[in-house]
Amino acid sequence: MQRRSLVAANWKMNLTVPEGGSVAQGILGAASKRADTDVVLCPSFTLLHHIREVVAKSNVKLGAQDVFWLAKGAFTGEVSVEMLRDHGCEYCIVGHSERRGRFGASELPNELLAYFSDSDVVVERKLRAVLDGGLTAILCIGETARERNEGRTDEVVASQLKIALSSVDESEIPCLAIAYEPIWAIGTGNVCEPDEAQRVCELIRSEVGAHMGSDAANTIRILYGGSVAASNCAGLFKQRDIDGALVGGASLKPDEFSRIILSA
Ligand code: PGA
């Protein structure tokens, strides 16, 4: 089955308004050549307003990096799905490992690590809110280096997926993409070998099938994320079960990100 490619930029906590504007401007040309690919920029909340204007007349879509699951109220510092929609967001990343407090090479002491505390249940709530609010979710799952070394990759990924998908209906699958992001590969330059990324993405697809049937499994878009670069993306994009990428560091460089878009 032919699935539409999706290439999303996770800018994380980087770029000011002028910097973000110029990076966004720098990828419009590549994106315009790829009518068959969804290109999404996920800047920090403070940049949404400006980036929306920069991409307004293009095929580039806007997304957020995180969201709170309730609609409004006394939740200081949080942002709702409606607020994201208000700013033109069509996508939202949910359950990124950095929001889950699962870092590859973290230098944070435990008492600070607790700040990044999204549990599987919180991720499920956020996913529910994003889908209910009519946005497309990019759900991130993946194992740490330790979990991989203990041979627990498949179990961890399947369990994160099962909890996150517990209230998702098959009809919502077109509004969901799953990003397999091995945590040891994020920001390390240590990209997962394409064969192994394919193996885990195939497992994810079959888990979706087991929970929601084969139509859902064939429709859902599965991305790989973790040290994706222009130099390594072709091997990943060739894989049968990889429909695109979630790109961090390389998405901050317009030329590099443009090359990734063009090879998707
Ligand atoms: P990276 O980040 O491309 O810098 O490894 C990917 C991500 O965290 O989504």
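What is the handedness of the crossing in which H5 passes H7?

1. The model is a predicted one, in which local features need pLDDT of at least 70 and side-chain atom pairs count only at pLDDT 80 or more, while totals for chains, interfaces and linings use all residues. Residues are numbered from 1 along each chain as its sequence is written, and side-chain values use heavy atoms, with hydrogens and water left out.

2. H5 passes H7 in a right-handed crossing (the near helix is turned clockwise from the far one by less than a right angle). Helix H5 (residues 120-132) packs against H7 at about 45°, the axes being 8 Å apart, and H5 is therefore oblique to H7; helices are DSSP runs of H or I with at least four residues, and axes are lines fitted to C-alpha atoms over the stretch in contact, with angles from 0 to 180 degrees between N-to-C directions. Angles under 35 degrees count as roughly parallel, over 145 as roughly antiparallel, 65 to 115 as roughly perpendicular and the rest as oblique.

3. In contact (heavy atoms within 4.5 Å) are Asp-120, Val-121, Glu-124 and Leu-127 of H5 with Gln-160, Ile-163 and Ala-164 of H7. The contact of H5 with H7 divides into 4 nonpolar, 1 polar and 2 charged residues, where Ala, Val, Leu, Ile, Met, Phe, Trp, Tyr, Cys and Pro count as nonpolar, Asp, Glu, Lys and Arg as charged, and the others, Gly among them, as polar.

4. Helix H7 (residues 153-164) also meets helix H8 (residues 194-212), their axes coming within 10 Å and crossing at roughly 40°, so H7 and H8 are oblique to each other. Among the residues making this contact are Val-157 and Leu-161 of H7 and Leu-203 and Glu-207 of H8, and by class the contact of H7 with H8 has 7 nonpolar, 2 polar and 4 charged residues.

5. The axes of helix H1 (residues 17-32) and helix H2 (residues 48-55) come within 9 Å and cross at roughly 25°, which means that H1 is roughly parallel to H2.

Key
Helix = DSSP H or I, 4+ residues; strand = E, 2+ residues; numbered from the N terminus.
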